[in-house]
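I opened this model to look up its fold and its metal site. My entries follow.

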Amino acid sequence: MNFIISLIALLFINTPVNSTSPATPTVERTAPNRVEITIEGSDQMKFNLSEIKVKAGDKVVLTLKHTGKLPKTAMGHNWVLLKSGTVVKDFAMEAMKAKDNEYIPEGNDIIAHTDLVGGGEETTVEFTAPGKGEYDFICSFPGHYALMKGKFIVE
Ligand code: ZN
């Protein structure tokens, strides 16, 4: 009985209280052609941003923070920006097979990607924003793309 009560208590402790928006902006222009972005991935298999807007040619400095506690093997997250025309579902299928390369498949579909991180870790990638258009970003860890996805909009 005590065990069940502690189990229930544990479940409550592990459920975050509505984490509201962070104090600092998640997309910040720090120079005329430089944008710094912080995106968070959680143990609930979610990104905190579903849309990111930059300008063509911007130098993008994107940091992915894993705000959860689960290890990389169970709840790994990365941030992968796909070229336009890439079919997300097909890409995710290929990514699933690329376990040895942290779910980054061979090929020509990626504009930029971060490393794969586990709970409490963060990683940064720098790249130049592509031409105007709408691009998909996902987490390519198996099964995550259905929830962990968004639009990278270049204006
Ligand atoms: Zn993920």
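I counted three helices and nine strands in the protein chain; these are DSSP runs numbered from the N terminus, with helices as H or I of at least four residues and strands as E of at least two. From the N terminus on, I read the order α-β-β-β-β-α-β-α-β-β-β-β.

I noted that this is a predicted model, where local features need pLDDT of at least 70, side-chain atom pairs count only at pLDDT 80 or more, and totals for chains, interfaces and linings use all residues. Residues are numbered from 1 along each chain as its sequence is written, and side-chain values use heavy atoms, with hydrogens and water left out.

Next I traced the sheet. It is open, with five strands in the order β3-β9-β8-β5-β6 and mixed pairing; strands pair if DSSP finds at least two bridges between them. β3 (51-54) and β6 (110-113) are the edge strands, each pairing on one side only. I followed β5 (residues 80-82) to β6: they pair in the antiparallel sense over three bridges. L82 stands opposite I110 in β6.

Then I checked the zinc ion. Its protein donors are G76 (O), H77 (ND1), C139 (SG) and H144 (ND1), at 2.1 to 2.7 Å. Donors here are N, O and S atoms within 2.8 Å of the metal (3.2 Å for Na, K and Ca); water is not among the atoms, so sites may look incomplete. C139 and H144 are both buried, meaning under 20% relative accessible area with a 1.4 Å probe, protein chains only.

Last, I looked at the whole chain. Buried residues make up 37% of its 155 residues.

Conventions:
Buried means under 20% relative accessible area, exposed over 50%, partly exposed in between (1.4 Å probe, protein chains only).
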